[in-house]
There are 2 protein chains.
Amino acid sequence: MAPKLDGFFSQVDSMSEHFISRLRAAVAIPSVSSEAERRPEVVRMGQFLVTELKALGADVEARPLGKQPGKEHLELPPVIVARYGNDKKKRTILVYGHYDVQPAGKEDGWATEPFELTVDDKGRMFGRGSTDDKGPVLGWLNAIEAHQKIGLDFPVNLLMCFEGMEEYGSEGLDDFIKEEADKYFKDVDAICISDNYWLGTEKPCLTYGLRGCSYYSVEISGPGQDLHSGVFGGTAQEPMTDLVRMLATLVDTNGKIQIPGIADLVAPLTEEEKSIYRDIAFTMDSFHESLGSQTTIFPDKESTLMGRWRYPSLSIHGIEGAFSQPGAKTVIPAKVIGKFSIRTVPNMEPRDVDKLVFKFLDDEFKKLGSKNTLKASLQHDGKWWVASPNHWNFSAAGKAVERVWGVKPDLTREGGSIPVTLTFEQATGKNVLLLPMGSSTDAAHSINEKLDKKNYIEGVKLLGAYLHYVAEEEMVDA
Amino acid sequence: MAPKLDGFFSQVDSMSEHFISRLRAAVAIPSVSSEAERRPEVVRMGQFLVTELKALGADVEARPLGKQPGKEHLELPPVIVARYGNDKKKRTILVYGHYDVQPAGKEDGWATEPFELTVDDKGRMFGRGSTDDKGPVLGWLNAIEAHQKIGLDFPVNLLMCFEGMEEYGSEGLDDFIKEEADKYFKDVDAICISDNYWLGTEKPCLTYGLRGCSYYSVEISGPGQDLHSGVFGGTAQEPMTDLVRMLATLVDTNGKIQIPGIADLVAPLTEEEKSIYRDIAFTMDSFHESLGSQTTIFPDKESTLMGRWRYPSLSIHGIEGAFSQPGAKTVIPAKVIGKFSIRTVPNMEPRDVDKLVFKFLDDEFKKLGSKNTLKASLQHDGKWWVASPNHWNFSAAGKAVERVWGVKPDLTREGGSIPVTLTFEQATGKNVLLLPMGSSTDAAHSINEKLDKKNYIEGVKLLGAYLHYVAEEEMVDA
Ligand SMILES: [Zn+2]
Ligand SMILES: [Zn+2]
Ligand SMILES: [Zn+2]
Ligand SMILES: [Zn+2]
C-alpha cells in the first residue's frame, strides 16, 4: 500500500522559503575542516545543528573525538548524533552527512561570496557547502519539521550522524562508528547517506558503489633553505627538478596509470557488467557541459562511465613548498611536496596499492641518481565499496524517487569516495544506500558550488518519502 | 698618492649604531614590489630615501614611471635620483641600488620577524632587504654623512639612482635610463652597483660579469573549472598531468638543460679561461655550508664556479593554480601555470633562447597528444653582461678593498642577473663595476636574509674609500 504523502509534499512546498533560510544560515558558517584557523567555525556549525535538532525535539549529543592526529594542538570537531523517535514497532534508519566543507575564497574565482548563499533567477543557490553536504544534511531536519507542522506521524526512528571532518579524511570517525556499532547504532536496520550527486541534471539515481581514494605525498628535500636561482642554479641539485620528474612518471595524458602492477589488481570486466553501461541515462554532451570543455579522455559514454566508476584513476593535485603565486619569483625551493591520489576500485587492496606506489617511487627516484632525499607517505585512504542494490533499502528508495520525480532512478556507481560508507557497512552489517540530492552540475569541491532550489525542495520530499516507503517495505534482502 | 682615510674610517666606526638604526628603519618598511597590496609600502620606502637624502643636502627627485604594464590600476614606484656635489673639477660617479625587496612572511619559516631588523650575538642583522639591497643603498648615504660629520671634502660628484621594482623585473627602468643617459646621467664617468655578494665569507671581490635571466611561464588549461577528482578522474585529461610531464622534460637532476640547441649558444671554454678558476678563493666546504647540504651537482670547485658563472642553468620555481597548501585537497585544477627560468651566459641571445624554448615546449606538448591548451610565454628577461676588469673603475675599487679589508679582491663573475647593469653600460657607454657589500651566507631571496654588522660598517668605509681612490685614479681604460 503506497503511503499517503500529498499533505507532506504540499507542506514542504509551503515551507520552502524557511528551508532555504536554514541553508543560508548554515552556508554562512565557513566550516572548512582543512584549515586549522577555521576550526572554531567547524565547531560553530556543529553547534548550529545541535540547536536546530533540539528545537525539533530530537535527543542530541555532541560527541568529542579528541585531538587531531599529527596536530595535537587542534581538537577535532565533535560528531553530532541524534535520535528522533524511539518506537520499537518502527524501523530504525541511520542517516549520515557532514557539516564541514571544502576551502573556498572569492580570490579563487567565485562569482559570488562563497559563504553567502546567493540565489539567482534560475533558482541556483550558490555557496560553499550548499550541495556538499549542508543541503542534504538539512534535508533530514526539514523533513522532520514538515511532518511536525502537518501533524503526520514520523514513519521510522531516525538516527542521525553528522561529522565535521569529512573533507579532511574523516579523522576520528571510523573508531567512533566501530565503538558505537553495538551501542548508539545497535537498533539500526539500514543506512542512508546523502552525499553524492546525480549522474546528470535530469534523472535521479541510487548509488550502490564508490571508488576508494588513497592520497599520497612525495617530499623531496635537499638544500638547507630556499636558494637564489642565480647564485645556486647550475651548481645544486634542485628538489623541484626531481619532483616534477617523479610526478611525470605516474600517469599519462590519457589517464593511464604508469605504476606497474596497479592494473593487475583491478577486477576484470565481464560481458554482463559491460552491458549495464549502455542503458544509463548519460550523454557525452551533458558530460562536456559539466566538464566545461571537450577535453575528455574517451569519446563515448560507456568508456567514460567505466573510467569514472570501475577503473582506477590518478590525479596530481599540486605541490606544497614551491612558488604558487602569480608573478615571477626566482627562488629554488629547498623542500617540495607533491600531492597525488589514486581512486581505487574492486579488487584493489589499499595496502597492496601502497606497496606498488612506494616501490615505484623508490625505483624512479633511484633512476634520477639524485643526492636529494625522497620521503613518500600515504596521507589518508578510504577503500572502495559496492553494495547490493536488490535490498529493500534500495527498493524503498526507488519507489520514493518514482513518487517524487516521476521516473525510475538509474542504479549507478560513483567515482568519488565516501569512506564512511564502507565503515558503516562493516561496523553494522547493514545495507547502505546512497541517495543523492544534488545534480552533476553542482560543482562540489570547485568554485561556484551550488544546489538547485528544485533539487533541495524535491530532495526534502524525497528523503521524507523514502522513510515512508522504508517503513512499509517487506524485509527481503538479496 | 694614497688618500688619507683614517679619520673617515674612525668616524664611520663611531657612527655605527646610527647607521644600524637607519637600516632598521628601512627594513621595517615591507617594500615588496611583487605584491600589489604592498605597493604603498614600496612608495613609502622611496619617500624614506627622499627624506634622508634631503637631510644630507642632496638634490633629490622622485621620478614617476607611470602605470605598471599589464596591471594598469597600479602606479609603478618612482625612481629616486639624487645628486650630491656639482664640482666640474671632480669626477662624477653614478651609483645604483634598489629599495624594493623580495616577499617574506614569518610563515615561510623565518626565525625572526622578517620586517624587524634583529641583531644576534654574532652581529648578524636579520631582516628582509638587509643585504638585498637596503644595506648597500644606505651605505652610500652613510658615507656621505660620515664625510659631513668629520668635515672631509667629498671626493666626487655622486649621482644616485635607486629603483623600487628590481625584484619584479625592474619594470619601467630601462626606458628611464635610456631617456636620461644624456640628461641626468650625462656627466657620469663610471658606474658602481652594490647589489651582489662575496663569493665566500672571508674575501671581498669585484664582479665583472653576470648571467642573464629569461623567465618563462607555461600554462595548461582544459576544463571550465576545477574538478572533483572522484567524479572526473579517469574521464578528463588533466592539465596538471600534462604540466608536470612538460616540466619534467626541461632539465635533469644534474642540471643539464634538455632543450636542443641551448648548449650550442654557449661560448666555448678556452684553456686560458679555465685556468682563472683555479685561483679563486672558494672552497666546496664553504659552498656546502651556504647551500646547507651536500647536494651539489659537481664535486669540485672549478666545475661548480663554471656551473654558476659561465654555463646556463634552468630552475623550475613552482606552479600557479594547483593545490599548494599543507593537507590533502583532492581537486583537479582546471588551469595550471608552471614557472621556470633560464640563467643565460655569453653568447646566448635572449630572442634565440626564446625561440628554442617555445619550439621545445610546442614539440613536447604535441608528443603528449593532449586536448588541453598550451600557452607558453616569456614573463621577463635580462641579458647577461661582461665588463672589462682592467678599467680604472675596477683598479680604484681594488685599492679600496685592499685598504679596508687588507686583501686583494678576487675578480669574479656572478650567477645572478642584475639586468640594469647592462642597461647602464649600453646607455652611458661607461664602465660598470659591481662592488658587493654582503657575503655568500646572506641568504638573499631566502628566509632569514641577513647582513653581517661587520660587512655593513666596513662596507660603508669601502664605498667611501672607493670614491676617494676613483678621484685619484689615472683615467686609463683598458
Ligand atoms: Zn561530501
Ligand atoms: Zn566533499
Ligand atoms: Zn638585489
Ligand atoms: Zn634581489
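**Close-up views of a predicted two-chain model**

**View 1. A:His445, a buried residue with positive phi.** At 8% relative accessibility, A:His445 counts as buried, because the cut-off for burial is under 20%. This model is predicted. Phi of A:His445 is positive, about 70°, although the residue is not a glycine. Most residues other than glycine have a negative phi. A:His445 sits in a loop of chain A, between β19 (432-434) and β20 (450-452).

**View 2. B:His445, the residue of that number in chain B.** B:His445 also has a positive phi, near 75°, and is a residue other than glycine. The loop between β19 (432-434) and β20 (450-452) of chain B holds B:His445. With 9% relative accessibility, B:His445 counts as buried.

**View 3. A cis peptide bond at A:Asp132 and A:Asp133.** The bond running from A:Asp132 to A:Asp133 is cis. Its omega is near 15°. Most peptide bonds are trans. A:Asp133 belongs to helix α4 of chain A, which spans residues 130-150.

**View 4. A cis peptide bond at A:Pro346 and A:Asn347.** Omega is near 5° for the bond from A:Pro346 to A:Asn347, and this bond is cis. A:Asn347 lies in a loop of chain A. That loop runs between β15 (335-344) and α11 (350-368).

**View 5. Packing of helices α1 and α14 in chain A.** Helix α1 (residues 6-14) packs with helix α14 (residues 453-472) at an angle of about 150°. The two axes are 9 Å apart. Angles over 145 degrees count as roughly antiparallel, and α1(A) and α14(A) are therefore roughly antiparallel to each other. The crossing of α1(A) past α14(A) is right-handed. From α1(A), the contact draws on A:Phe8, A:Phe9, A:Val12 and A:Asp13. From α14(A), it draws on A:Ile457, A:Glu458, A:Val460, A:Lys461, A:Gly464 and A:Ala465. By class, this contact of α1(A) with α14(A) has six nonpolar, one polar and three charged residues.

**View 6. The axis relating chains A and B.** Chain A superposes on chain B by a rotation of 180° with 0.1 Å of shift along the axis. The RMSD is 0.1 Å. That is the relation of a two-fold axis. In chain A, the C-alpha nearest the axis belongs to A:Val244, 2.7 Å from it. Of the interface residues of chain A, 100% are also interface residues in chain B, so the copies meet through the same surface.

Methods: Residues are numbered from 1 along each chain as its sequence is written. Chains are lettered from A and ligands numbered from 1 in the order in which they are written. This is a predicted model: local features need pLDDT of at least 70, side-chain atom pairs count only at pLDDT 80 or more; totals for chains, interfaces and linings use all residues. Side-chain values use heavy atoms; hydrogens and water are left out. Helices (H or I, at least four residues) and strands (E, at least two) are DSSP runs, numbered from the N terminus. Buried means under 20% relative accessible area, exposed over 50%, partly exposed in between (1.4 Å probe, protein chains only). Axes are lines fitted to C-alpha atoms, for helices over the stretch in contact, and angles run from 0 to 180 degrees between N-to-C directions. Angles under 35 degrees count as roughly parallel, over 145 as roughly antiparallel, 65 to 115 as roughly perpendicular and the rest as oblique. A crossing is left-handed if the near helix is turned anticlockwise from the far one by less than a right angle, and right-handed if clockwise. Contact means heavy atoms within 4.5 Å. Ala, Val, Leu, Ile, Met, Phe, Trp, Tyr, Cys and Pro count as nonpolar, Asp, Glu, Lys and Arg as charged, and the others, Gly among them, as polar. Copies are superposed by least squares on the C-alpha atoms of residues with pLDDT of at least 70 in both.
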